Amino acid sequence: MYKVLMFFSTLFLSGILGAADPLYVVKDGKVDAATEKGFKVWRASACERCHGNNQQGLVGPSLIESLKVLSYKEFVTVMIEGRNAKGMPAHPHLNKVDEKTGKKKVDLLYAYLKGRSDGKVPKGRVRSFEK
Ligand code: HEC
């Protein structure tokens, strides 16, 4: 009985902890360290060449709009595999884990872009409050 209780309270706790671990955090115009890293991945990958400096869209679609409808899974697929025939290159290197945060680059990018799409993460160079 005790074990069963432990099992359920662990489930319950991980539910709470999961909820306390949001994709991104914004405080006074600054972001958490992982989201800042996501911005750096965005810059390093030169996505703005096709999607615009502020994700507003250029030859590629507006990612502000796209991230409102794409699921996380769809996002990862289009990032890693690309849609070459339609002009979206594959970015397989984004599967690599970033050493500092321990997260995959594609996940850092997803969090940053989701925050931009939600209108929460400011445009341009973002800085972290975690320093
Ligand atoms: C050479 C130009 C180019 C570059 C560089 C590029 N993209 Fe794209 N991207 C496109 C085009 C064009 C499409 C639309 C493909 C289609 O019609 O399905 C697209 C589609 C996408 C989509 C799917 C949008 C949707 O609504 O289905 C996402 C997400 C995306 N790009 C993110 C990125 C990110 C993040 C980067 C940088 C790592 C990047 N792209 C780099 C041209 C580019």
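Predicted model: local features only at pLDDT ≥ 70, side-chain atom pairs only at ≥ 80, totals over all residues.
Trainee: What makes up the secondary structure of the chain?
Mentor: Six helices and two strands. Along the sequence, the pattern reads α-β-β-α-α-α-α-α.

Trainee: How many Å apart do the axes of H2 and H6 come?
Mentor: They come within 7 Å. Angle and distance between the axes are what describe two packed helices.

Trainee: Which residues of H2 and H6 meet?
Mentor: From H2, Ala34, Thr35, Lys37, Gly38, Phe39, Val41 and Trp42. From H6, Lys105, Leu108, Leu109, Ala111, Tyr112 and Gly115. This contact divides into eight nonpolar, three polar and two charged residues.

Trainee: What makes a residue of H2 count as buried, and which residues qualify?
Mentor: The cut-off is 20 or more other C-beta atoms within 10 Å of its own. In H2, Ala34, Thr35, Glu36, Lys37, Gly38, Phe39, Val41 and Trp42 are buried. They pack against strand S2 (30-31) and H6. Across the chain of 131 residues, 23% count as buried.

Trainee: How do you know that the length of H2 is close to the expected one?
Mentor: Compare two spans. H2 has twelve residues and reaches 16 Å from first C-alpha to last. The expected span is 1.5 Å times one less than the number of residues. For H2 that expectation is 16 Å, and the helix is close to it.

Trainee: What follows H2?
Mentor: Alanine 46, with a positive phi near 55°.

Trainee: What makes a residue part of the shell around the ligand, and how many residues belong?
Mentor: Its C-beta atom must lie within 6 Å of the molecule. There are 21 such residues around the ligand. The closest are Cys47, Cys50, Gly60, Ser66 and Met88.

Trainee: Which helices supply at least two residues of that shell?
Mentor: H3 (48-51), H4 (63-69) and H5 (72-81). H3 gives the largest share, three residues. By type, the shell divides into twelve nonpolar, six polar and three charged residues.

Trainee: What share of the contacts between residues at least 6 apart in sequence joins residues at least 24 apart?
Mentor: In this chain, 61%.

Note on methods. Residues numbered from 1 in each chain as written. Helix = DSSP H or I, 4+ residues; strand = E, 2+ residues; numbered from the N terminus. Nonpolar A, V, L, I, M, F, W, Y, C, P; charged D, E, K, R; others polar. Axes fitted to C-alpha atoms, helices over the stretch in contact; angles between N-to-C directions. Contact = placed C-beta atoms within 7 Å. Buried ≥ 20, exposed ≤ 12 C-beta atoms within 10 Å, placed from the backbone.
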